[in-house]
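Dear colleague,

Please read them with the model open beside you.

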Amino acid sequence: MTTGLTAHELELAHAVRRFAEGELAEGALARAHSSAYPWDVAGKLAELGMLGITIPEADGGTGGSLMDAVVTIQELAMVCPKSADVAQAGNFGPIRTFAEFATPAQKERWLPDLLAGRKLISLGMSEPDAGSAVTELKTSAREDGDGYILNGSKVFSTHSPHADLFLIYVRFGPGTGGIGSVLVERGTPGFTIGQPAPFMSGEEWCPLYFQDCRIPAENLLLGPGGFKKQISGFNVERIGNASRALALGRHAYEVARRHVVERTQFGRPLCEFQGLQWSFAEMVVKLEAAQMLLYRAARDGDANGLPSAFDTAVAKLACNEAGFEVANAAMQAMGAYGYSTETLVEYCVKRTRGWQIAGGSLEMLKNRIAEHVFERRFDQRAPR
């Protein structure tokens, strides 16, 4: 995983790994199987500057690079996968969009607690009838005096059971140009957070309901026409998704590699059986190839402000597939030990499977890549 890193990035990787092994290794299994958010880990990461890595120092971040954030997330995941989720929440996804487009007053109000690991921000994008076709969202924002009235619902929002602030995609008017976003705090009248529901991985989400929910005008993040800005920022979120998917695949690989060296059957270590040798050879090739594509996308983002849609689609597709396929092969190599909840391998399988859906499904990524290949847009909607 350190191939292709600069001297600074290598030093960072070693420092994060030392911290993780000293502070996070104990309890890693319990954290992974708990639906609770590890606020204690969030506080530790904040103290060490591992939240807000790519956010400018003027806004309370550390002013680092995308590569710094990728390296940090991957090194944390190699020791404690659940802690990598905390680093993701503090560097990618809605916090990055918020930091990119929020007003000075909004940043002053919310960023300090978010960067200190005291609060969480959740993204409300998907709806019951608008998943991959996100521009078909129906949640509306109607201007009303010095504020807005929200009506609609959202589903599958990461960290929604624990978040205090929600970045909500809304429709101000018809068409893509009518889409923007607002900020809604937990406890706002008319905003109801439903009962938690579990994903296959054990991670929970809550449905979000808005019924004549009134927010002040200063909670507007991006008004009509803001959709393209939001989606351009979403490419950064895909870097975080890809980082964790690949890192959890590598975590499972390392656990399984140690297992087949130590485990003996038929009088021989498992690693001496050619079938397993070939399996591990295939695993490492997938991991190394995807790693290079991830680094390329992150470095492109560092050079140009935001990573390109093509590079992030390629990286996420490669990392999602490699992460899941390697974790699944690692579980197979370990047999019942891998399938058991006594190790984190089965957890890695479940989490990496979910990231093939979240943040842009594999099929949608292939569509974007094909558009780059053929230099034309392919509309997925039925002819009107």
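About 50 Å³ of space lies in the largest cavity, a cavity being a set of points on a 1 Å grid over the protein atoms alone where a 1.4 Å probe fits but cannot get out, with its volume taken as the space filled by probe spheres set on points joined across faces, edges and corners. This is a predicted model, in which local features need pLDDT of at least 70 and side-chain atom pairs count only at pLDDT 80 or more, while totals for chains, interfaces and linings use all residues. Residues are numbered from 1 along each chain as its sequence is written, and side-chain values use heavy atoms, with hydrogens and water left out.

The lining of the largest cavity consists of G93, P94, T97, L123, L167, Y169, G233, F234 and E237, where lining residues have an atom within 4 Å of a point. Its largest share, 3 residues, comes from α8 (helices are DSSP runs of H or I, at least four residues, numbered from the N terminus).

Helix α12 (residues 345–354) is largely enclosed by the rest of the structure, because 7 of its 10 residues are buried, meaning under 20% relative accessible area with a 1.4 Å probe, protein chains only. Among the buried residues of α12 are Y347, C348 and R351, and what covers the buried residues includes α8 and α10 (309–334), with contact meaning heavy atoms within 4.5 Å.

Finally, the largest nonpolar core has 83 residues, of which L45, L76 and F280 are among those that touch the most other members; such a core is a set of buried Ala, Val, Leu, Ile, Met, Phe, Trp, Tyr and Cys residues joined through side-chain atoms within 4.5 Å.

Best regards

Notes:
1 Å grid on protein atoms, 1.4 Å probe; cavity = no way out; pocket = protein on both sides within 12 Å on 5 of 7 lines; lining within 4 Å. Helix = DSSP H or I, 4+ residues; strand = E, 2+ residues; numbered from the N terminus. Buried < 20%, exposed > 50% of the residue type's maximum accessible area, 1.4 Å probe, protein only.
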